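Here are my notes on the model you sent over, point by point. Have the structure open while you read.

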Amino acid sequence: MATNPDLGHYSPYKARFDEDGVVLIPGALNEAEMSLLEQCYESHFNADKQLAERMYGDGKDEIYFLTDNTIRAGERYQRLMAETRIADIAQDLFGGHDTYYYLEQMWNKTGGARRTAWHQDTAYIPFKGPGLVIFWIPLEPLYAENVLEVIRRSHKQTLFNAPMYDPKDHTEPLYDERDLPRIPNIENEREKWDIFSTPMQRGDVLAFHPGCIHGGAPTRPDQVRRSYTFRFFSDEAWFSPLPGKRDLGQNRFSNQRQDTDDRIVLKGFEQLKPGDLLCQSNEWERVRAAV
Ligand SMILES: O=C(O)CCC(=O)C(=O)O
């Protein structure tokens, strides 16, 4: 396990992250780190594109994402944890706590892709707590109208039902509405929400809490948007089970999402009881130790 020689370097962003649940860290990664990310993204995404899920199941899809938390032994993962500062940044935002790696996702939006629906990751993944973070890292510069948008402080408010990416209704819930309220149609009432949306340069890292409502803006017709996301947790985050899914019938919200949930996203939680710290599961590796 690597140590964190820069501990404290990113702390100035911690107060904003704690308060708003979202912060932009400009120029967090240098060109060598970005080149490694790009190399990892290209080799994995292109080699395994058949494993990537389509966000919407209506055949018109242009948003793909490839999820993996099973890469611990892999060279890609080892290099990303050792040769970039992404785990160091996570540890700083966690106030120096023990820091664990949870999952990576590679996102690819081709030209003219629609929005990724507004959602909270904590409605799909059964975890809660202060020690949770997602990094969204675009591989190319973006205008504000094409970035991932995040609603400030929404991680401290209602946990809404998980949308199932039904192209006909972006609020269509995955669970019974008696268990969790349906997410509002945020796109129809944007002015009511405190949306954080900012242009990004290559090397910038958008850090946000997975309890924050977020959604990916559309792409322009001539644009391909590649973004790499990483998820970390600290020894303060815990297992908080979610309701059982409704009977979805044929109404699947992505091409293989439910299989992936069982196989990848939820792997490791089966070792835990409600309220247990995530780090009690031996599924995930501690990538930075508290000092
Ligand atoms: O990049 C996107 O469009 C969506 C990303 C996202 O929702 C996530 O990483 O949780």
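**Notes on the fold and the ligand site**

1. Overall make-up. The protein chain has 5 helices and 13 strands. Keep in mind that this is a predicted model. Along the principal axes, the C-alpha atoms occupy a box of roughly 50 × 45 × 40 Å. The radius of gyration is 18 Å, which agrees with the value near 19 Å that a compact globule of 291 residues would have.

2. Burial and contacts. Of the 291 residues, 42% count as buried. If you take the contacts with a separation of 6 or more, 83% come from residues 24 or more positions apart.

3. The ligand shell. Which residues surround the ligand? The list runs Q105, W107, T116, D121, I134, W136, L148, H214, G216, S227 and T229. Strand 4 (99-109), strand 6 (132-138), strand 10 (214-216) and strand 11 (225-234) are the elements that give two or more residues to this shell. By class, the shell residues split into 6 polar, 4 nonpolar and 1 charged.

4. Partners of strand 6. What does strand 6 pair with over 7 bridges? That is strand 11, in the antiparallel sense, and F135 stands opposite F230 there. Strand 6 also pairs with strand 9 (residues 205-208), again antiparallel, over 3 bridges. In strand 9, F208 is the bridge partner of I134.

5. An open sheet of 3 strands has the order 8-7-10 and antiparallel pairing. Its edge strands are strand 8 (195-196) and strand 10, each of which pairs on one side only. Strand 7 (residues 148-151) pairs with strand 10 over 3 bridges, with L148 opposite G216.

6. The nonpolar core. The largest nonpolar core has 75 residues, and F135, V205, A207 and F232 touch the most other members. Leaving out residues up to four places away in sequence, F232 touches A87, A90, T99, Y100, Y101, Y102 and V133.

7. Helix 4. Is helix 4 (residues 86-93) enclosed or open? It is largely enclosed by the rest of the structure, because 8 of its 8 residues are buried. Those are I86, A87, D88, I89, A90, Q91, D92 and L93; A87 and A90 are among the residues that F232 touches. Just after helix 4, G95 takes a positive phi of about 70°.

8. D18. Finally, a residue in helix 1 (residues 14-20): D18. With 15 C-beta neighbours inside 10 Å, D18 counts as partly exposed. Its C-alpha atom is separated by 9.8 Å from that of H155, although D18 and H155 are 137 residues apart along the chain.

Notes:
Residues numbered from 1 in each chain as written. Predicted model: local features only at pLDDT ≥ 70, side-chain atom pairs only at ≥ 80, totals over all residues. Near = placed C-beta within 6 Å. Helix = DSSP H or I, 4+ residues; strand = E, 2+ residues; numbered from the N terminus. Nonpolar A, V, L, I, M, F, W, Y, C, P; charged D, E, K, R; others polar. Rg over C-alpha atoms; globule rule 2.2 N^0.38 Å. Buried ≥ 20, exposed ≤ 12 C-beta atoms within 10 Å, placed from the backbone. Contact = placed C-beta atoms within 7 Å. Pairing = 2+ DSSP bridges. Core = buried A, V, L, I, M, F, W, Y, C linked by C-beta atoms within 7 Å.
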